[in-house]
Amino acid sequence: MRKKKWVTPFLEKEEQYLIKDLHCLKEERPVYAEIGMGMGDFITQSAALHPEIFYVGIEKEDTCVARAIRKAQEEKIGNFRVLLADAGSIEEFCEPDSIDLIYLHFPDPWPKKRNHKRRLTFPPFLKKYANVLKDQGILILKSDNTDFFEDSLEYFSQSDFTMEEIDRNYFREGEPMTAYQAKFVAEGKPISYAKCRLRKV
């Protein structure tokens, strides 16, 4: 994505939504995090609909972060914060046992085998999520890539996550969608969905 000139000065002045880590948050509400939130369509809509939940968007592209913050500002959303960070560093900016739910919406499938270790569902990433999720915490995956989705189910089966729901033609009327999901729905493209629960020993 091409970086816009307004992005850097905008983020430098941002004091409400952009945070450096979650260590300072003292939230009594459940905390839901979306890893790779893109431009924030899903998470800002969800936050507006569910004030009883605190939402955190994690995104490494600063232009996406800035646009998501603008959406939150326009809607005056209070239960939403953003981290400009990479998913691989999640243990650095999240306390252990601090997240109730993680969304992985349409992550890069990295189809070539030599790049599988970069997948956000690859076992080392699942271990990181398991560390920051609470016991009985939930991980939700959506993907339009069948091979990636099926491989991810195999990764989950070898982890501390227990599969609770699988839907290979997922759609919920009225549910907030990412920009990718809205595009796929309009094209009639099937979406695969998996819901897993973490059971810590």
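This is a predicted model: local features need pLDDT of at least 70, side-chain atom pairs count only at pLDDT 80 or more; totals for chains, interfaces and linings use all residues.
**Entry 1: the largest pocket**

The largest pocket comes out at a volume of about 950 Å³. I counted 35 residues in its lining, and those nearest its centre are Gly36, Glu59, Phe106, Pro107 and Asp108. Next I looked up which elements give two or more residues to this lining: they are β2 (31-35), α2 (41-49), β3 (54-59), β5 (99-105) and α7. Which of them gives the most? That is α7, with three residues. By residue class, I get 19 nonpolar, seven polar and nine charged residues in the lining of the largest pocket.

**Entry 2: the second largest pocket**

The second largest pocket holds about 280 Å³ of space. Its lining has 17 residues, with Tyr32, Phe42, His50, Tyr103 and Glu175 nearest the centre. Two or more residues of this lining come from each of α2, β5, β6 (133-143) and β8 (192-198).

**Entry 3: Thr178**

I then went to Thr178, in the loop between β7 (161-167) and α7 (179-187). Buried or exposed? Thr178 has 9% relative accessibility, so I put it down as buried, the cut-off being under 20%. A polar atom of the Thr178 side chain sits 3.0 Å from the backbone nitrogen of Gln181. What else does Thr178 touch, once neighbours within four places in sequence are set aside? I find contacts with Glu34, Asp41, Phe42, His105 and Phe106. Two of these names were already in my notes: Phe106 is among the residues nearest the centre of the largest pocket, and Phe42 is among those nearest the centre of the second largest pocket.

**Entry 4: salt bridges**

How many salt bridges does the structure hold? I get 15, and I followed up a few.

Glu175 again, this time with a partner: its side chain meets that of Lys142 in a salt bridge, 3.2 Å from N to O. Glu175 is in the loop between β7 and α7 while Lys142 is in strand β6, so the bridge ties together parts 33 residues apart in sequence. I read Glu175 as partly exposed, at 26% relative accessibility, and Lys142 as buried, at 2%.

Arg119 and Asp151 form another bridge, with their closest N and O atoms 2.9 Å apart. Here Arg119 lies in the loop between β5 and α5 (123-132) and Asp151 in helix α6 (residues 146-157), which puts the partners 32 residues apart. Arg119 is buried, with 2% relative accessible area, whereas Asp151 is partly exposed at 28%.

The last pair I checked was Arg197 with Glu164, whose closest N and O atoms are 2.6 Å apart. It links strand β8, where Arg197 lies, to strand β7, where Glu164 lies, 33 residues away. Arg197 has a relative accessible area of 18% and is buried; Glu164 has 36% and is partly exposed.

Methods
Residues are numbered from 1 along each chain as its sequence is written. Side-chain values use heavy atoms; hydrogens and water are left out. Helices (H or I, at least four residues) and strands (E, at least two) are DSSP runs, numbered from the N terminus. Buried means under 20% relative accessible area, exposed over 50%, partly exposed in between (1.4 Å probe, protein chains only). A polar contact is a pair of N or O atoms within 3.5 Å; within protein, one must be able to donate a hydrogen and the other to accept it, and residues adjacent in sequence count only if both atoms are side-chain atoms. Contact means heavy atoms within 4.5 Å. On a 1 Å grid over the protein atoms alone, a cavity is a set of points where a 1.4 Å probe fits but cannot get out, and a pocket is an open set with protein on both sides within 12 Å along at least five of seven lines; lining residues have an atom within 4 Å of a point. Grid points are joined across faces, edges and corners, and a volume is the space filled by probe spheres set on the points. Ala, Val, Leu, Ile, Met, Phe, Trp, Tyr, Cys and Pro count as nonpolar, Asp, Glu, Lys and Arg as charged, and the others, Gly among them, as polar. A salt bridge is a side-chain nitrogen of Lys or Arg within 4 Å of a carboxyl oxygen of Asp or Glu.
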